[in-house]
Amino acid sequence: MAITPHFMAGSPDQPGDDTSILTKTHTRTQRPPLYKVLILNDDYTPMEFVVHVLERFFGLDHAQAFQIMLTVHKKGLAVVGVFSHEVAETKVAQVMDFARRHQHPLQCTMEKEE
């Protein structure tokens with residue numbers, strides 16, 4: 001926080017007194033932390049289902065979704081997107097709920113971005 005002095009020509013208490021100081025406070029707002037949403041690999045969830053999840057909940061086109069699914073398959077996990085805490089939390093819950101309703105063990109998590 002920085003305080004910048006502003007001089008006034010006079011004040012209500014002493015008109016004409018040029019030594020009065022009006023301070024103005026500048027506050028710098030910090031951006032909220034962001035969170036990575038990750039999809040984890042498992043040996044049971046069909047690749048087509050993962051592609052569908054990525055298209056449906058993350059707005060990816062088929063080619064993008066397919067590429068991320070392959071990354072998950074080969075590397076064990078992939079970052080699907082970076083969001084505010086609330087959005088990331090919602091997306092994780094949506095994916096997990098959708099996977100459970102379709103009886104798949106797909107895991108979706110979030111972690112704070114550094």
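A crossing of two helices is called right-handed if the near helix is turned clockwise from the far one by less than a right angle. With that in hand, helix 1 and helix 3 can be described: their crossing is right-handed. The model behind this description is a predicted one.

As for the overall layout, the chain has 3 helices and 5 strands. Read from the N terminus, these elements follow the order β-β-β-α-α-β-α-β. Of the 114 residues in the chain, 30% are buried. Taking contacts between residues at least 6 apart in sequence, 59% of them link residues at least 24 apart.

Back to the helix pairs. The axes of helix 1 and helix 3 lie 11 Å apart, and the two helices pack at an angle of about 140 degrees. Angles over 145 degrees would count as roughly antiparallel and those from 65 to 115 as roughly perpendicular, so helix 1 and helix 3 are oblique to each other. On the helix 1 side, the contact is made by Phe49, His52, Val53, Arg56, Phe57 and Phe58, and on the helix 3 side by Lys91, Gln94, Val95, Phe98 and Ala99. Sorted by type, the residues of this contact come out as 7 nonpolar, 2 polar and 2 charged.

Helix 1 also packs on helix 2. Here the axes come within 9 Å and cross at roughly 125 degrees, and helix 1 and helix 2 are therefore oblique to each other as well. Helix 1 passes helix 2 in a right-handed crossing. From helix 1, Met47, Val50, Val51, Leu54 and Glu55 take part, meeting His62, Ala65, Phe66, Ile68, Met69 and His73 of helix 2. The residues of this contact split into 8 nonpolar, 2 polar and 1 charged.

Val95 sits in helix 3 and has a relative accessible area of 0%, so it is buried, the cut-off being under 20%. Setting aside residues up to four places away in sequence, Val95 touches Ile39, Val53, Phe57, Phe58, Leu106 and Cys108.

Gln103 is not a glycine, but its phi is positive, at about 60 degrees. Gln103 is located in the loop between helix 3 and strand 5 (107–112). With 72% relative accessibility, Gln103 counts as exposed, in contrast to the buried Val95.

Notes. Residues are numbered from 1 along each chain as its sequence is written. This is a predicted model: local features need pLDDT of at least 70, side-chain atom pairs count only at pLDDT 80 or more; totals for chains, interfaces and linings use all residues. Side-chain values use heavy atoms; hydrogens and water are left out. Helices (H or I, at least four residues) and strands (E, at least two) are DSSP runs, numbered from the N terminus. Buried means under 20% relative accessible area, exposed over 50%, partly exposed in between (1.4 Å probe, protein chains only). Contact means heavy atoms within 4.5 Å. Axes are lines fitted to C-alpha atoms, for helices over the stretch in contact, and angles run from 0 to 180 degrees between N-to-C directions. Angles under 35 degrees count as roughly parallel, over 145 as roughly antiparallel, 65 to 115 as roughly perpendicular and the rest as oblique. Ala, Val, Leu, Ile, Met, Phe, Trp, Tyr, Cys and Pro count as nonpolar, Asp, Glu, Lys and Arg as charged, and the others, Gly among them, as polar.
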